[in-house]
Amino acid sequence: MELRELRYFVAVAEELHFGKAAQRLGMAQPPLSRAITQLERRLGTALLERTSRKVTLTAAGGVLLAEGRAILSAVTAAERRTRRAATAHPSLVLAVKSGTAGELLTKLLDAYAAEPGAATVELLLCEAHQHQLLLRDGRADVALLHLPFDSAAGLDTEPLYSEGQVAVLPASHPLAGRARIRMADVTTLPELPMARWPDPSGGYPEGPGAEVRNLTQLFQLIALGRTTAVIPESAGADLRRDLAAVPVLDAPPVTTAIAWLPHSRLRTVADLVHVATRL
């Protein structure tokens, strides 16, 4: 198979409409249809079921869609990393969730910048569960994760530090004045259901709590009295005046880790990881 054919097929498989796929690819529909037919003939199996009303994937088509996405993502990642490596001044992209690991991030960037031959570090602020995608498609070279909340499957990681968690509540809430609380205190508040974060697929678990993707959204909804959340202690530092952070005694510890792809051979990644673990 050629990459061109994979791109064609993935577009059709995602759109499930030849006309929309052709428009997305910037080409006419007849040559797209012929290319898919030729691909099916060469593979010896039907990839799509076509009727006058709709297009659906066969079982084989579903497999090729998953494999094709992974291949195209890997090619795109290789292109991005090769271009970054070819620049006169090496750079490194670090993915981090907005509003988290602030103190560690400042120390890490300062310490790495002081190293001889340090590359320029570009920060890529992301939302929950985006780290893996950013690393795999080449938009990021390294990421800071919060375990066990962020998935580290398929990544190499080095733990940096662990911390407790706090419940973030409206400053006017009765629990906001407590020195400490327990998980049962905050998870059973009917007027403040726990916020729901997306899973790696982008979907949300069932529940009454508000759907959030980042701390900015979360804090706004908590201030409005719509939800609450238990988050790492460092993420709850320097809150706005209408919010309060209360330590949660029995919340599991959160470990901040630095992560990268196992096959990475970038010296800049190795150097940054070395500095992070030394800190």
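Tutor: Accessible areas here come from the Shrake-Rupley method with a 1.4 Å probe; for residues, only the protein chains shown count as cover. By that method the chain exposes about 14,900 Å², and carbon and sulfur atoms supply 53% of it. This is a predicted model: local features need pLDDT of at least 70, side-chain atom pairs count only at pLDDT 80 or more, and totals for chains, interfaces and linings use all residues. Residues are numbered from 1 along each chain as its sequence is written, and side-chain values use heavy atoms, with hydrogens and water left out.

Student: Why is H173 called buried?

Tutor: Buried means under 20% relative accessible area, exposed over 50%, partly exposed in between (1.4 Å probe, protein chains only). H173 has 13%, so H173 is buried. Of the 279 residues of the chain, 41% count as buried.

Student: Where does H173 lie, and what is H173 in contact with, leaving aside neighbours within four places in sequence?

Tutor: H173 lies in the loop between β7 (165-170) and α7 (183-187). Helices (H or I, at least four residues) and strands (E, at least two) are DSSP runs, numbered from the N terminus. Contact means heavy atoms within 4.5 Å. Beyond those sequence neighbours, H173 touches L189, E191 and L192 by that criterion.

Student: How many helices and strands are there in the chain?

Tutor: The chain has nine helices and ten strands.

Student: What share of contacts between residues at least 6 apart in sequence join residues at least 24 apart?

Tutor: In this chain, 64% of them do.
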